[in-house]
Amino acid sequence: MLELKNISFNVDSDDGKNEIIRDLNLTVQDNKFIVITGPNGGGKSTLAKIIAGIVKNTDGQIIFDGEDITEKSITERAKMGIGFAFQQPVRFKGLTVHDLLRIASNKELSISEACQYLSEVGLCAKDYINREVNASLSGGELKRIEIATVLARDVKLALFDEPEAGIDLWSFNNLIRIFEKMRNSNKNRTIIVISHQERILNIADEIVVLGDGKVLKQGSKEEILPEIIGKDYALNACERLS
Amino acid sequence: MKEMDAVQKRLLKEVADLHDIPEGAYNFRANGESVDRRSTKNIEIESKTDKSGIDIRIKSGTKNESVHIPVVLSASGIKETVYNDFFIGDDCDVLIVAGCGIDNCGTQDSEHDGIHRFFVGKNSKIRYVEKHYGSGDGSGKRILDPVTELYLDEGSTAELEMVQIKGVDSTQRTTKAELKKDAKLIVHERLMTHGEQQAISVYKVDLNEEGSSADVVSRSVARDSSYQKLDLCVKGNAPCSGHTECDSIIMDNGRILAVPSLEANDIDAALVHEAAIGKIAGDQLIKLMTLGLTEAEAEEQIINGFLK
């Protein structure tokens with residue numbers, strides 16, 4: 001279980017302190033598929049980074065599986081089973097897809113094992129396994145490899161920061177399938193996805209609406225989705241384009 | 001063959017990946033003298049008569065054969081300049097493995113300067129691997145100042161892999177190439193310096209005839225207080241194509257000066273250079289830390305990948 005207690009995050013700005021997250025409280029039960037949504041600038045990505053330890057909260061407490069992890073580093077949290085997929089996947093000159101999956105799985109990963117993770121995200125393994133994770137890969141390919149690195153870790157809590165950002169509509173359909181598959185798999189894994197996409201909201205067990213640094217609404221999909229449909233932070237891709 | 005000691009064998013493994021006598025032609029040089037040599041039907045190795053060094057003659061049509069010419073220095077205070085000339089006939093396809101390992105536990109400087117010249121015949125293809133390595137905890141410096149000259153005849157290809165990852169205190173490497181019609185030069189240089197080391201690497205490539213091409217890529221890492229200067233110059237003197245790339249990571253108090261330069265002397269010379277120097281990107285470290293690595297482990301993985 002993940003508990004966020006009175007979490008605040010401030011940054012210094014020209015006109016004093018700017019509150020990105022304000023005294024936020026949130027509890028996430030195990031093995032749930034949670035989607036956090038809300039208007040841009042509402043603090044969603046910051047919150048995901050606070051949970052992973054990438055950003056340090058100014059105030060409050062984070063409890064993961066009964067343990068206070070507030071002061072723990074990114075590495076310590078990763079070793080406890082927290083995974084994080086970046087909104088903008090990082091590129092590496094020289095590191096191959098196989099290298100990255102090997103680091104993620106923390107073992108000498110065989111080609112066939114690595115291939116399994118790649119096929120889970122819909123990539124043909126033999127085309128990618130020895131490719132460098134560099135600018136030669138498209139945004140959609142990088143995104144899927146980013147997701148594969150989280151799958152390879154077999155984490156207890158997987159955080160995905162706007163997986164749909166920067167990918168084309170064709171890749172988006174594949175992405176939805178990956179999340180549906182993850183949702184339906186029997187693994188003991190809690191999934192938190194930051195997303196604006198109605199199709200991702202549709203597969204959630206629970207939806208959290210974040211705005212102005214606070215939880216505005218939290219509840220089951222059936223309860224929350226009808227309330228937020230049509231709002232600009234929960235539009236389908238075509239509507240957002242029009 | 002004179003027996004090599006354990007230090008010499010270790011150096012040999014580092015610079016030539018050799019545990020034992022290789023197949024094909026070879027010449028082993030240790031502490032200033034040739035200790036073993038083998039010529040084959042197609043590859044003849046002979047000592048020079050006017051100066052220190054060897055001539056390697058490879059018959060036309062020789063394919064899928066290799067020459068190993070590693071050098072090891074395990075005694076302190078040796079300074080030598082060795083001239084090795086490779087005469088490669090037409091239509092060959094050969095692998096040449098050179099390299100020098102210095103172990104200096106003494107107080108005097110040890111230096112090996114290998115002057116290698118390659119005369120590559122028409123339509124021949126060579127792959128040249130040169131690794132430099134230093135070890136030993138003496139105060140004497142380990143110095144390597146190699147010169148590589150390549151003369152590529154029509155339709156020939158030379159692929160060079162130049163590696164210096166560890167332990168060489170001072171190096172000034174010069175690589176020159178002259179290319180004829182449709183000749184092709186590919187260079188991958190990998191360099192890492194640490195401590196107070198200094199490394200200067202100069203490339204001068206002349207694309208002299210139509211259809212010639214060069215692709216020179218240098219990846220380097222400067223750690224601690226080390227200094228590197230990379231000077232890559234490609235001249236296009238005919239309709240040709242050239243590309244150079246200096247890609248460097250600096251760490252600690254490391255310093256790097258990259259000087260890529262292009263000179264086009266023909267309207268149809270297409271030349272491109274790229275240069276980038278910077279520290280390891282913070283988001284790369286963070287990504288690997290979210291996969292469970294510590295910051296130091298993440299740094300090591302990024303550098304290993306970069307120099308792979």
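This is a predicted model: local features need pLDDT of at least 70, side-chain atom pairs count only at pLDDT 80 or more; totals for chains, interfaces and linings use all residues.
**Exercise 1. Find what share of the contacts in chain A with a separation of 6 or more joins residues 24 or more positions apart.**

Solution. Start from the definition that two residues are in contact if their C-beta atoms, placed from the backbone, lie within 7 Å. Among the contacts in chain A with a separation of 6 or more, 69% are between residues 24 or more positions apart. Residues are numbered from 1 along each chain as its sequence is written, while chains are lettered from A and ligands numbered from 1 in the order in which they are written.

**Exercise 2. Describe how chain B touches chain A.**

Solution. First count the partners: 17 residues of chain B are in contact with 20 residues of chain A. Next, look for the elements, which are DSSP runs numbered from the N terminus, helices being H or I with at least four residues and strands E with at least two. Helix H2 (282-290) and helix H3 (295-306) of chain B each supply at least two residues of the touching side, and the largest share, seven residues, comes from H2(B).

**Exercise 3. State which residues B:Ala158 is in contact with, leaving aside its neighbours within four places in sequence.**

Solution. With those neighbours within four places left aside, the partners of B:Ala158 are B:Phe118, B:Val120, B:Ile126, B:Tyr128, B:Leu150, B:Leu152 and B:Leu185.
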